[in-house]
Every structure is written in structure tokens, then in C-alpha cells.
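Okay, thanks for coming, everyone.

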Amino acid sequence: MSASVITLETQEDFSHKLIIQRPSNELSLQGSIRVPGDKSISHRALMLGALAQGETQIQGLLLGEDPRSTASCFQAMGAEISELNTELVRVKGIGLGNLQEPFDVLNAGNSGTTLRLMLGILASHPGRFFTVTGDGSLRSRPMSRVVKPLQQMGAQIWGRKGNSLAPLAIQGQALKPTHYFSPIASAQVKSCILLAGLMTEGQTTVTEPALSRDHSERMLRAFGAELSIEPETNSVTITGPVQLHGQSVIVPGDISSAAFWLVAGAIVPDSELVIENVGVNPSRTGILEALALMGADIQLENQREVAGEPVADLCVRSSRLQSCTIAGDIIPRLIDEIPILAVAAVFAEGTTIIRDAAELRVKESDRITVMAQQLNKMGAKVTELPDGMEITGGTPLVGTDVDSYTDHRIAMSLAIAALVATGITTIHRAEAAAISYPNFTTTLQQVCS
């Protein structure tokens with residue numbers, strides 16, 4: 001397959017169409033690739049670096065739109081952040097409690113992580129007023145899940161629809177500690193409260209119903225925070241106030257981005273791909289467990305630890321996939337990977353059930369509805385469930401016009417599905433991929449050449 005059959009066209013409204021045509025001859029994917037830096041770790045390195053005393057150096061930062069939004073917000077509050085790049089970003093922190101009141105509204109763009117985590121920081125800075133907003137998608141996404149626990153700590157936050165939607169206004173306060181029992185397993189909720197606890201006198205605890213990703217805990221400890229963790233109750237406690245100190249952070253490859261190539265390598269016949277330097281934090285490896293249940297041939301090689309995070313090279317070979325049920329405690333550890341798992345399920349024998357994933361309905365799009373609609377357009381058999389999908393595999397896909405709904409994970413998932421569809425697939429608003437994977441199309445052309 002040559003690069004000429006994967007083309008990206010710019011429209012009059014500056015949106016992009018990604019056009020993929022599978023060749024008449026057999027396609028196989030080969031080669032070694034590196035995926036962008038982990039988005040979750042990139043956000044946290046910028047935030048904690050801005051709050052710390054001294055300089056933080058970040059290597060491998062994700063250059064997507066979301067981390068740029070985080071950097072822009074903290075620059076507006078006084079942090080000095082060098083030009084973003086993958087080689088070395090320097091963050092000159094201003095010390096916890098020293099954020100300046102910004103001259104203008106803080107704009108989190110499309111990034112729910114930026115907005116939700118930042119709320120915990122802003123709410124705990126007494127005597128300063130902040131206003132935060134985002135793009136149209138972010139302004140429609142629920143913020144009450146972090147606003148309510150912050151209000152329990154004494155935060156003053158106002159917003160649309162009962163303080164649940166951005167734009168949000170925050171009057172910083174001296175907060176009081178809390179023990180919050182979260183009804184959902186969410187790293188964003190947990191991280192928001194822990195960050196609020198940095199400047200709160202006493203112990204602030206979050207207990208979750210299941211394990212969520214733990215990048216905040218790892219990085220907070222590295223920057224000098226005092227944390228205690230109780231794995232048996234899924235609880236974490238931070239003792240404040242605390243002063244953070246600048247660190248050197250090496251960001252591993254994002255397993256959420258690697259997931260697209262893991263599925264591509266599994267479903268395109270005679271393929272073998274190596275995805276190098278991928279973070280394999282146990283709180284993020286649900287995608288590996290789910291694909292293993294489906295019979296995917298994936299090996300972890302060169303396992304090591306980099307800056308406190310486990311890392312490995314992932315080798316995937318094509319295989320015959322089987323249906324399975326994906327539900328329960330594994331869901332928080334693969335919630336972002338469910339769109340591409342739905343693509344894998346289309347090529348699995350039998351019926352795959354995905355449940356307990358209602359969170360997907362309030363992401364950048366309603367990912368349950370959008371994935372079901374777009375895959376069904378291509379000939380798949382996907383039935384929506386209130387909290388997931390039922391996918392009957394084995395139906396050949398046919399290329400057609402589909403839409404990302406400006407959701408980066410939808411855009412990339414549909415592109416992988418198109419590799420195994422007959423004819424031509426046109427993905428509208430494909431520019432959304434740049435939110436987390438700016439060079440996705442280039443890499444797609446590379447592995448197909």
C-alpha cells in the first residue's frame with residue numbers, strides 16, 4: 001500500500017478529510033514506530049512544574065493541543081514555560097500558592113483534564129479570582145463531578161446549569177480537608193481533589209470504587225508531596241500543606257495512542273508492528289488485558305522503568321480475534337481505548353459485550369452513539385447499550401463517508417477500521433486527531449508503505 005492512497009485534504013472551512021483506500025493487493029503493516037508522549041503525564045508535568053519551586057525539565061512532552069492548553073493557562077498565571085517541544089521543555093515554577101490572578105479568562109480548549117485538574121488548584125488559592133472556559137465541546141461536558149467535592153471543602157465556584165458547566169468562575173479560598181467517597185473511578189476527580197489538598201491543612205483522602213490511573217500519585221511523590229495509599233480500599237491520602245520541588249521528567253509513549261497500532265497490527269493480516277517506549281503503568285494496561293482476552297498476539301519486550309513509570313516495547317502480530325465481555329473494574333483502566341476496542345470487536349468471531357462504560361457518553365463526544373453509528377455505516381453490527389455496546393463480529397466493512405464528530409479517538413479508530421474495509425473511506429473532520437496525536441496520518445502512511 002503506498003502513501004498515495006492515504007490522503008489528507010483541507011476544506012474551505014479548514015477542516016480535514018482523511019481519505020483511505022485499501023489496495024486491491026494484500027495489505028500488511030510492518031515496522032517500528034514511536035507514539036507521542038503520554039497525555040496524562042504531560043499535563044501533570046506541566047502543572048506540577050509550574051507549582052514547584054525551581055526548574056522542572058520535561059523530555060518527550062506530547063505536543064498535542066491539550067497540553068498546549070495547559071501550558072497556556074499556567075503561563076497566564078505567572079509560570080515561565082519554554083517553547084513546547086519533544087526534546088526539552090523547561091518550566092520555571094513560581095512555588096505553591098503563588099499563582100497570579102490572570103488578566104483574562106483561562107481557556108482550556110478541548111481539554112477536560114486541564115479544566116478539571118486546574119479547578120482543584122485554583123479553588124485552593126485564597127484571595128484570587130479566576131474564570132475558566134473551553135471550546136464548545138468542553139463547555140458541554142459535566143464539571144459537577146469535581147465542583148461538588150471541592151464545594152465540600154469550602155470552594156466557591158459558580159457556573160452554568162447549577163455550577164455544572166463552563167464557563168466557571170472561582171474565588172480562591174483556604175479549603176478544609178475532606179474524605180471524599182467518589183461514586184465513579186476517575187483519575188480526573190481523584191487528581192483534582194489531591195491537587196486541592198496540596199495547600200489544605202491536614203489530610204485529604206479520596207476513596208474510589210475501583211482503581212483509576214495513578215499518574216498523579218506517582219508524580220506528586222516525585223515532586224515531594226506526602227502521600228499514603230491503601231490499595232485494598234482504593235484510597236489515597238495527601239497531607240498538606242506541602243512545598244513541591246522541580247524535577248526531571250521523562251514522558252513515555254502514550255499507551256492510548258499505541259492502542260490504535262495494537263489493534264491495527266492484530267486485524268490486518270500478515271502484520272507485525274513494534275511500538276517502542278510505551279508506558280505500561282498497571283493502572284493503564286486494561287487495553288492489553290482486553291486484547292489478550294480476545295486472543296491478540298502481543299508481547300512486551302525490553303521492559304524497564306523510566307522516571308518512576310514502567311515502560312516497554314510492544315510487539316503485535318496479526319491474529320484471529322475472539323469475542324469477549326469487557327466490563328467491571330477493568331473499565332476505568334481502558335476507558336479511553338474503548339472506541340478502538342470496538343473496532344477490534346468488529347473483526348472478532350462472536351459477539352463482544354462492553355458494559356459499565358456510561359462515562360463514554362460525556363467524553364469529547366457521546367462515544368457510544370458515535371462509534372455505533374459510524375461503524376454501522378461501514379456495515380458493522382453494533383447495538384448501543386445504555387452503558388456500552390454489543391458488537392457482532394465477522395461482517396465485512398465497506399468504505400463510506402464517516403465523521404469524527406471532532407473527537408480525536410473517534411477519528412483515529414475509524415481510520416484503523418478503514419484499513420480493512422473494501423473501497424474508499426472518507427473521514428470528515430479528521431483534524432481532531434491532532435488533539436492527542438499530531439502526526440497520526442504520517443505514521444499511518446509510514447506503516448502502510
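Before that, some housekeeping. This is a predicted model, so to speak of local features we need pLDDT of at least 70, side-chain atom pairs count only at pLDDT 80 or more, and totals for chains, interfaces and linings use all residues. Residues are numbered from 1 along each chain as its sequence is written, and side-chain values use heavy atoms, with hydrogens and water left out.

When I say helix or strand, I mean DSSP runs numbered from the N terminus: H or I over at least four residues for helices, E over at least two for strands.

Most peptide bonds are trans, and most residues other than glycine have a negative phi. Now look at Ala 166 and Pro 167: the bond between them is cis, with omega near 5°. Pro 167 sits in strand 10, residues 165-171. Gly 240 and Pro 241 are also joined by a cis peptide bond, with omega about -5°. Pro 241 is in the loop between strand 14 (235-240) and strand 15 (248-250).

What about phi? Asn 163, in helix 5 (residues 160-163), has a positive phi near 65°. Asn 302 has a positive one too, about 55°, and its place is in strand 17, residues 297-306.

How accessible are those two? By our cut-offs, buried is under 20% relative accessible area, exposed is over 50%, and partly exposed is in between, using a 1.4 Å probe and protein chains only. Asn 163 is partly exposed at 21%, and Asn 302 is partly exposed at 48%.

On to helix 8, residues 255-267. How many of its residues are buried? It's 13 of the 13, so the helix is largely enclosed by the rest of the structure.

Last stop, strand 4, residues 55-59. Which strands does it pair with? Pairing here means DSSP finds at least two bridges between two strands. Strand 4 runs antiparallel to strand 6 (residues 89-92), over four bridges, and Thr 56 stands opposite Val 91 there. With strand 15 the pairing is parallel, over three bridges, and Ile 58 stands opposite Val 249.
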